[in-house]
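Here are my notes on the model, as numbered points. Please read them with the structure open.

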Amino acid sequence: MSIITTRADEDFRGRSNRRRFFAARCFEGRVCASAFARRIVYFCGARVYNEYKAAGGAGRSKHLPFRRKEEIFMRISGLQKTTLLDFPGRVACTIFLNGCNFRCPFCQNSEILDGRGGEDIPEEELFAFLRKRKGILDGVCVSGGEPLVHAETLELLGKIKALGYGVKLDTNGAFPERLKEAARAGLIDFVAMDIKNSPKNYAKTAGVAVDMAKIEESAKFLMESGIEYEFRTTVVKELHAAEDFIRIGQWLRGAKRYFLQTFRDGDTVLKSGLTPCTDAEMQTFKQLLKPYIPNVLIRGEE
Ligand code: SF4
């Protein structure tokens with residue numbers, strides 16, 4: 001493990017929640033407050049963490065000394081008890097984890113992006129629910145927010161798998177290392193990765209500066225790994241144009257499955273004033289993608 005110093009850190013840099021973001025980077029949900037200790041949080045490696053865990057994770061690690069009140073840790077911010085649509089071939093529930101490194105203007109879950117809003121469902125309550133629903137449900141969709149913004153999410157995925165559930169992960173692709181780690185550890189059965197836009201317009205659509213190399217790494221991994229996956233784009237009139245879909249097709253040529261989703265406005269959407277494309281425009285975008293990705297669908301018409 002290396003404490004994560006990805007582009008995502010830069011996205012939070014200079015913002016009031018900077019310190020909280022550092023907390024999210026710490027595996028044990030702890031943070032160091034001093035500049036010196038913060039450097040340790042950055043540079044302490046797998047050995048430190050593993051030793052700490054091997055000792056039961058109890059007490060205070062000298063490297064990860066204490067918890068501050070305002071910090072953000074992985075929380076279960078919502079639970080949809082049943083879905084027949086989100087996990088192909090499975091009857092599933094969906095959990096929403098707090099926090100995201102993107103700020104897509106069309107985001108429907110804006111209340112949980114900074115890690116604070118939404119519900120606060122204790123993990124024990126989730127697992128009691130999952131044990132009770134065994135045999136009725138056979139899958140769990142792990143959504144957000146961006147689930148992989150928290151290193152602890154991998155542990156959560158492992159616990160869900162241990163109960164015998166299939167796991168579907170929704171991700172924005174910004175954390176390829178965690179995605180690979182989860183896949184290689186057999187913690188995920190299906191991945192739905194957002195493709196926000198053509199590379200040229202990615203930052204505008206994600207609402208933050210984006211390290212495209214990371215997005216491309218995640219997409220490439222999914223296309224080559226053999227894991228079940230789909231790519232998907234929420235299409236917004238103000239953000240997407242025909243040329244974007246040609247560029248996306250060229251980028252993701254040969255992808256297994258690609259969904260276009262029509263933007264829906266609502267009270268929880270991050271930015272007001274956005275509008276959906278017409279059915280005819282959606283069909284045009286689909287046809288532009290088809291030469292590159294034959295299995296392209298508009299959500300709802302499959
Ligand atoms: S749409 Fe997804 S990636 Fe974008 S801000 Fe919302 S949760 Fe994050």
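1. Buried here means 20 or more other C-beta atoms within 10 Å of a residue's own, exposed means 12 or fewer, and partly exposed lies in between, with C-beta atoms placed from the backbone. The model is predicted: local features need pLDDT of at least 70, side-chain atom pairs count only at pLDDT 80 or more, and totals for chains, interfaces and linings use all residues. Residues are numbered from 1 along each chain as its sequence is written.

2. The buried residues of α9 are I215, S218, F221 and L222. They line one face of the helix, because seen down the axis of α9 they fall within an arc of 130°; the arc is that of the directions from the helix axis to the C-beta atoms. An α-helix has 3.6 residues a turn, so residues three or four places apart point the same way.

3. What do the buried residues of α9 pack against? Their partners are α7 (176–184), β5 (190–194), α8 (202–206) and β6. Contact means C-beta atoms, placed from the backbone, within 7 Å.

4. Just after α9, G226 takes a positive phi of about 90°.

5. The protein has 11 helices and eight strands. These are DSSP runs, numbered from the N terminus: helices are H or I with at least four residues, strands E with at least two. Of the 302 residues, 39% count as buried.

6. V235 is found in strand β6 (residues 228–235). V235 counts as buried because it has 23 C-beta neighbours inside 10 Å. Leaving aside neighbours within four places in sequence, its contacts include L260, F263, M282 and F285. The C-alpha atoms of V235 and F263 are separated by 5.6 Å, although the two residues are 28 apart along the chain.

7. The largest nonpolar core has 59 residues, of which V140, V142, L157, V167, I188 and V191 touch the most other members. Strand β2 (residues 92–97) gives the most to this core, with five residues. A nonpolar core is a set of buried Ala, Val, Leu, Ile, Met, Phe, Trp, Tyr and Cys residues joined through C-beta atoms within 7 Å.

Key:
Two residues are in contact if their C-beta atoms, placed from the backbone, lie within 7 Å.
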